Amino acid sequence: MSSRPELQAPPEIFYDDVEARKYTSSSRIAEIQTKLSERALELLALPDDGVPRLLLDIGCGSGLSGETITENGHQWIGFDISESMLNVALQNEVEGDLLLGDMGQGLGLRPGVIDGAISISAVQWLCNADKSSHEPRLRLKAFFGSLYRCLARGARAVLQVYPENLAQRELILSYAMRSGFAGGVVVDYPHSTKKRKEYLVLTCGPPSLSSVVPSGKGEDGESCSDDESSGNEENQTVCISDRHRPQKKQKVNKKGKGREWVLRKKDQMRRKGNVVPPDTKYTARKRKARF
């Protein structure tokens, strides 16, 4: 069984030139991507007045979901971290404008200019610590904060995600709520292992009638409640990433680092040839809180 892509490598490395072309040329992936995009647009609930809207496709990749947006008569901006994926999109001459960037550092768009946003299988990548400087919680905060600012008042964002467990889903949703969004999670086909899909349906602004979370689809195509689907899931601890670098734990005495420890460290530095200040009666003495 193949491992989840987000656990193998960072997206800008995993989706290189070879993987980008392989992903885009797969008819199976294109079919899945189209269905997910159509469902995301349905949950976006845009007014059916024939007026084109400006939508944001977060993690647009090679533009497969963007083509669905174009077919529905809307304009779009694609945002992705993989240059190889965006190059394929350019070669395919997609209709949308493309931006290369890391959503974990914020989207960098003007406030209130986007009429709606969708994302297909991208947001869960923020739960990985790909670099020593990456803190997943800070990256989620930066992403949802910038997404909230760029959306027009009352606009929706529909983010299809593959959380690793229930707690990771709650982590993502909690940072969306902290940024000011109203909404929740819609689960399609909750009792199916293969067909189960989760969507974060978020509304920019305080809770209102427009921010009511729609129901998910069941096996018979009818709506079903998410309460039944999430009741049997284990409340596991949040798994930030299997690729997270383990941190070394430093042993510290309850009393802290005393004079003997400091003198021993200074001797070690001297033996290495480093210039070390001489030992005095003030060595390792605690400073007062204030003069």
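## Exercises on strands, salt bridges and a buried serine

R53 and D49 form a salt bridge, with their closest N and O atoms 2.7 Å apart. A salt bridge here is a side-chain nitrogen of Lys or Arg within 4 Å of a carboxyl oxygen of Asp or Glu. The model is predicted: local features need pLDDT of at least 70, side-chain atom pairs count only at pLDDT 80 or more, and totals for chains, interfaces and linings use all residues. Residues are numbered from 1 along each chain as its sequence is written, and side-chain values use heavy atoms, with hydrogens and water left out.

**Exercise 1. Classify R53 and D49 as buried, partly exposed or exposed.**

Step 1. Set the cut-offs. Buried means under 20% relative accessible area, exposed means over 50%, and partly exposed lies in between (1.4 Å probe, protein chains only).

Step 2. Take R53. Its relative accessible area is 16%, so R53 is buried.

Step 3. Take D49. Its relative accessibility is 44%, so D49 counts as partly exposed.

**Exercise 2. Survey the other salt bridges and place their partners.**

Step 1. Get the total. The rule gives 11 salt bridges.

Step 2. Look at D102 and R139. Their side chains meet in a salt bridge at 3.0 Å, N to O. This pair links distant parts of the chain, 37 residues apart: D102 is in the loop between β3 and β4 (114-120), and R139 is in helix α6 (residues 136-150). Helices (H or I, at least four residues) and strands (E, at least two) are DSSP runs, numbered from the N terminus. Both D102 and R139 are buried.

Step 3. Look at E198 and R196. Their closest N and O atoms are 3.0 Å apart in a salt bridge. Both E198 and R196 are buried.

**Exercise 3. Describe the surroundings of S62.**

Step 1. Locate the residue. S62 is in the loop between β1 (54-58) and α4 (64-71).

Step 2. Check its accessibility. The value is 2%, so S62 counts as buried.

Step 3. List its contacts, meaning heavy atoms within 4.5 Å. Leaving aside neighbours within four places in sequence, S62 touches T24, M85, V88, A89, N92 and V94.

Step 4. Find the polar contact. This is a pair of N or O atoms within 3.5 Å; within protein, one must be able to donate a hydrogen and the other to accept it, and residues adjacent in sequence count only if both atoms are side-chain atoms. The side chains of S62 and T24 make one at 2.8 Å.

**Exercise 4. Trace the parallel strands around β2.**

Step 1. Start with β2 itself. Strand β2 covers residues 75-80, and five of its six residues are buried.

Step 2. Pair it with β1. Two strands pair if DSSP finds at least two bridges between them. β1 and β2 run parallel, joined by five bridges. D57 stands opposite G78 in β2.

Step 3. Pair it with β3. Four bridges join β2 to strand β3 (residues 97-100), and these also run parallel. F79 has L99 in β3 as its bridge partner.

Step 4. Assign the handedness. A crossover is right-handed if, with the strands pointing away from the viewer, the path from the first strand over the helix to the second runs clockwise. β1, α4 and β2 make a right-handed β-α-β unit. β2, helix α5 (residues 83-91) and β3 make a right-handed one too.

**Exercise 5. Explain why β7 counts as largely enclosed, and name its strand partners.**

Step 1. Count the buried residues. Eight of the eight residues of strand β7 (residues 197-204) are buried, so β7 is largely enclosed by the rest of the structure.

Step 2. Strand β5 (residues 151-161) pairs with β7 in the antiparallel sense over six bridges. V158 has V201 as its bridge partner in β7.

Step 3. Strand β6 (residues 181-188) runs antiparallel to β7, with eight bridges between them. V186 has Y199 as its bridge partner in β7. β6 is mostly covered too, with seven of its eight residues buried.
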